[in-house]
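Here is my note on the model, as numbered points. Please read it with the structure open.

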Amino acid sequence: QVQLVESGGGLVQAGGSLRLSCAASGSIFRINAMAWYRQTPGKWRELVATVSSSGMTNCGDSVKGRFTISRDNAKNTVYLQMNSLKPEDTAVYYCNVFGRSDIWGKGTQVTVSS
């Protein structure tokens with residue numbers, strides 16, 4: 001059974017940076033694309049970024065140029081480097097095995113103050 005554990009969230013001022021980590025158990029990690037989503041109360045989860053098993057990345061328009069997704073297959077870990085944070089980036093951030101709606105982490109809260 002695959003488990004995903006996010007960490008690295010917190011409170012930061014606008015313009016600051018945070019680095020989220022997602023540690024995955026299980027062999028599925030190395031053969032699957034991974035993704036970060038975020039969600040605010042009353043809204044659907046928004047796809048933030050994806051990284052393929054070979055390291056190809058894609059970021060949503062709202063974070064392009066500010067956020068970077070990466071992975072370390074040796075450590076079964078995916079990262080989200082978030083720079084130039086804005087108050088509208090405030091959300092719970094979730095790690096996901098991309099394409100698998102049944103595999104999610106519990107999320108980590110990111111709060112950006114103005």
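1. Start at Asp 61. With a relative accessibility of 70%, Asp 61 counts as exposed. The cut-offs are these: buried is under 20% relative accessible area, exposed is over 50%, and partly exposed lies in between, with a 1.4 Å probe and protein chains only. Asp 61 forms a salt bridge with Lys 64, and their closest N and O atoms are 3.4 Å apart. A salt bridge here is a side-chain nitrogen of Lys or Arg within 4 Å of a carboxyl oxygen of Asp or Glu. Lys 64 is partly exposed, at 48%.

2. A word on the basis. This is a predicted model: local features need pLDDT of at least 70, side-chain atom pairs count only at pLDDT 80 or more, and totals for chains, interfaces and linings use all residues. Residues are numbered from 1 along each chain as its sequence is written, and side-chain values use heavy atoms, with hydrogens and water left out.

3. The fold is made of strands. The protein has 10 strands and zero helices. Both are DSSP runs numbered from the N terminus: helices are H or I with at least four residues, strands are E with at least two. Along the sequence the pattern reads β-β-β-β-β-β-β-β-β-β.

4. Next, overall dimensions. The C-alpha trace spans about 40 × 25 × 20 Å along its principal axes. The radius of gyration is 13 Å, which agrees with the value near 13 Å for a compact globule of 114 residues. That radius is taken over C-alpha atoms, and the globule rule is 2.2 Å times the number of residues to the power 0.38.

5. Now burial and surface. Of the 114 residues, 41% count as buried. The accessible surface comes to about 6200 Å², and 50% of it belongs to carbon and sulfur atoms. Areas come from the Shrake-Rupley method with a 1.4 Å probe; for residues, only the protein chains shown count as cover.

6. Contacts reach along the chain. A contact means heavy atoms within 4.5 Å. Among contacts between residues at least 6 apart in sequence, 55% join residues at least 24 apart.

7. Val 97 is worth a look. Val 97 sits in strand S9 (residues 91–97). Val 97 is buried, at 0% relative accessible area. Leaving out residues up to four places away in sequence, Val 97 touches Val 2, Leu 4, Ile 28, Asn 32, Ala 33, Met 34 and Ile 103. Leu 4 is 93 residues from Val 97 along the chain, yet their C-alpha atoms are separated by 8.7 Å.

8. Which residue pairs with Asp 89 in a salt bridge? The partner is Arg 38, at 2.9 Å from N to O. Asp 89 lies in the loop between strand S8 (77–82) and S9, and Arg 38 lies in strand S4 (residues 34–39), so the pair ties together parts 51 residues apart in sequence. Asp 89 is buried, at 1%. Arg 38 is buried too, at 7%.

9. Another pair joins Asp 102 and Arg 100. Their closest N and O atoms are 2.9 Å apart in a salt bridge. Asp 102 counts as exposed, at 54%, while Arg 100 counts as partly exposed, at 32%. Elsewhere, salt bridges that share partners join Arg 38, Glu 46, Arg 66 and Asp 89 into one network.

10. Last, the charge tally. The structure holds five salt bridges. Side chains of opposite charge can pair when their charged atoms come close. The protein has 12 positive and 7 negative side chains.

Technical notes. Lys, Arg positive; Asp, Glu negative; His and termini not counted. Charge placed at Lys NZ, Arg CZ, Asp CG, Glu CD.
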